[in-house]
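Below is a short briefing on selected local features of one model. Please read it alongside the sequence and the coordinates.

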Amino acid sequence: MSRIGKKPVKILKGVKVEKKGDNIFVTGPKGSLEVYLNPVIKTQIKDEEIEFTRDSDLKRDKALHGLYAILVKNMISGVTEGFSKKLELVGIGYRAEMKQNKLFLNLGFSHPIIFNPPEGIKIDLPTDTTIVISGIDKQLIGLVAAKIRSFKLPEPYKGKGIKYEGEYIRRKAGKAAAK
């Protein structure tokens, strides 16, 4: 059995979980999410928990067993508490600003980069160099954070670019220090 998949997922108070066909719907105070469930994985929704089971011990089925358990667990956490990621802009003149629900990034190029956040994602700017991405869908938040980070990846010589909060950038010595 999958170590993650064999543990039942607890349903928090105020959260409604239902299965319709091959989809699982999770509704809570912050919104609702849905996920497609592969027919190989069977679910049982009890009073305060969901159990995931599978019939075969194929490697793919074992992987799906744990995957769907964690996806539903993240959905339950998302509709009750929500998720967020922080990005930091490092570099002289690098800054971000919100105009008309669009993110404008000045990253040293000759033009600003304009990013339209997808529906369900909220972007806050506590400072000019800090971006906070929040929402209820953990996968979508990670995807948006990775997309914004890809506009200017941190480089190893001066550390300039967009990085996750707390990310360590391994620095390299320049030409002068190499001699």
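Is R3 buried or exposed? R3 counts as exposed, at 70% relative accessibility; buried means under 20% relative accessible area, exposed over 50% and partly exposed in between, with a 1.4 Å probe and protein chains only. This is a predicted model, in which local features need pLDDT of at least 70, side-chain atom pairs count only at pLDDT 80 or more, and totals for chains, interfaces and linings use all residues. Residues are numbered from 1 along each chain as its sequence is written, and side-chain values use heavy atoms, with hydrogens and water left out.

**Strand pairing**
- Strands β11 (residues 121-127) and β12 (residues 130-135) pair in the antiparallel sense over five bridges.
- Strands are DSSP runs of E, at least two residues, numbered from the N terminus, and a pair requires at least two DSSP bridges.
- A hairpin through two residues joins β11 to β12.
- Within this pairing, D124 stands opposite V132 in β12.

**Loop between β8 and β9**
- Most residues other than glycine have a negative phi.
- Q100 lies in the loop between β8 (95-99) and β9 (102-106), and its phi is positive, near 50°.
- Q100 is exposed, with a relative accessible area of 74%.
- N101 is found in the loop between β8 and β9 and is not a glycine, yet has a positive phi of about 60°.
- N101 counts as exposed at 59% relative accessibility.

**Segment before β1**
- R3 is found in the segment before β1 (9-10).

Methods. Helices (H or I, at least four residues) and strands (E, at least two) are DSSP runs, numbered from the N terminus.
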